Amino acid sequence: MVSILSSSSSFCGLRRCLVLLVFLVQQAAAANFNQDFNITWAPDHVRVLDNSQLLQLTLDQASGSGFVSKNQYLFGNIDMQIKLVPGNSAGTVTAYYLYSTASPNSHDELDFEFLGNVSGQPYILQTNVFTSGKGEREERINLWFDPTADFHTYSILWNPQIIIFSVDGTPIRVFPNNEKALGVPYLNKQSMSLYSTLWNADGWATRGGLDKIDWTQAPFVASYTNFKADACTNYNTDYASAQACASSGDKWWNQPEYQTVASDDTSKLSWVRQNFLIYDYCSDTQRNPVPPPECSNSHI
Ligand SMILES: *[C@@H]1O[C@H](CO)[C@@H](O)[C@H](O)[C@H]1NC(C)=O
Ligand SMILES: *[C@@H]1O[C@H](CO)[C@@H](O)[C@H](O)[C@H]1NC(C)=O
């Protein structure tokens, strides 16, 4: 960058050079899918476009596709803008999730799963939380917008006290640390990689499997842009340093305002849960005659 600026100083005045500098810094900060991710499944079904600022996963009868972050993360905030499969997406699932790979039998995982639908019918956003290998904590919401028309931001804020799933800055689910209070393992020991896959799940996804994939509509395409991770990265093999980074008092996510849902966000969270929540494992008494322990303190 220095050499570009000095060689261009002969033809650009201060103002133009500042504009150029700002542009270069923005380019450096923007998501770069080739730099930040590896393709995990079917490279010929993945497109990286627009100077590596846009990634598209595709699904057809031959294959789905997927990617993984090169980095692993522990605490912080992760944002991705996603535009889901438009049109008749029945039977498709776009999974977007954090997953720890170090100990397969006791892994941690935070899931967003988007269940497609026939044209005009609502997508379902399913979330799930695995701690130490145990999941079965599904919640489902309908979205308050058409997630196929535009990009929307799906975020995970994750710190030693709380995990908050958000959509366009509106919290949709929280998972507080109930390790001490209720003995529920928390996601504070393993760093996680960020994955996404687009796949055929027409055995169960849409109306419980009634609506199958219409392959005449293939390829199905989900698009990703503006990935941002502000987190401790790459401490997966060094637990002591990971903990030191993650719990360091000067990390923004350890400041008091991030330890609970911010007061002006609690009303948004209740708005989502009152109007859009269609399934909550905590109130599924058929499946859980005795609600799991965290259910007594999961929606603060
Ligand atoms: C990504 O790909 C590079 C180059 O093949 C490899 O060294 C690295 O281990 C991969 N990382 C992940 C997380 O798959
Ligand atoms: C699809 O649309 C139907 C009809 O509106 C709805 O019952 C269902 O919950 C929607 N989503 C899925 C994933 O089945």
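Rings of Phe, Tyr and Trp are taken to pair if their centres lie within 6.5 Å. In this predicted model, ring pairs of that kind link F33, F37, F67, Y224 and F227 into a cluster, and the count of aromatic pairs comes to 23. One of these pairs is formed by W144 and W271, whose ring centres are 5.3 Å apart and whose planes stand at 65 degrees, so that the pair is edge-to-face. This pair links distant parts of the chain, since W144 belongs to the loop between β8 (139-142) and β9 (152-158) while W271 belongs to helix α6 (residues 263-275), 127 residues apart. W144 is partly exposed, with a relative accessible area of 27%, and W271 likewise counts as partly exposed at 36%. An edge-to-face pair is also formed by W252 and W253, with 5.5 Å from centre to centre and 85 degrees between the planes; here W252 is partly exposed at 26% relative accessible area, whereas W253 is buried at 2%.

Helix α6, which carries W271, comprises 13 residues that should span 18 Å at 1.5 Å a residue, and the 19 Å computed between its end C-alpha atoms agrees with this expectation. The buried residues of α6 are D265, L269, V272 and R273; they cover an arc of only 90 degrees around the axis, which puts them on the same side of the helix. Among the elements that cover these buried residues are β8, β11 (170-176) and β14 (277-280), whereas the face of α6 turned away from the buried side carries the exposed residues S263, D264 and Q274.

Definitions and conventions:
Residues are numbered from 1 along each chain as its sequence is written. Chains are lettered from A and ligands numbered from 1 in the order in which they are written. This is a predicted model: local features need pLDDT of at least 70, side-chain atom pairs count only at pLDDT 80 or more; totals for chains, interfaces and linings use all residues. Side-chain values use heavy atoms; hydrogens and water are left out. Rings of Phe, Tyr and Trp (its six-membered ring) pair if their centres lie within 6.5 Å; planes under 30 degrees apart count as stacked, over 60 as edge-to-face and the rest as tilted. Helices (H or I, at least four residues) and strands (E, at least two) are DSSP runs, numbered from the N terminus. Buried means under 20% relative accessible area, exposed over 50%, partly exposed in between (1.4 Å probe, protein chains only). The expected span of a helix is 1.5 Å times one less than its number of residues. The arc is that of the directions from the helix axis to the C-beta atoms. Contact means heavy atoms within 4.5 Å.
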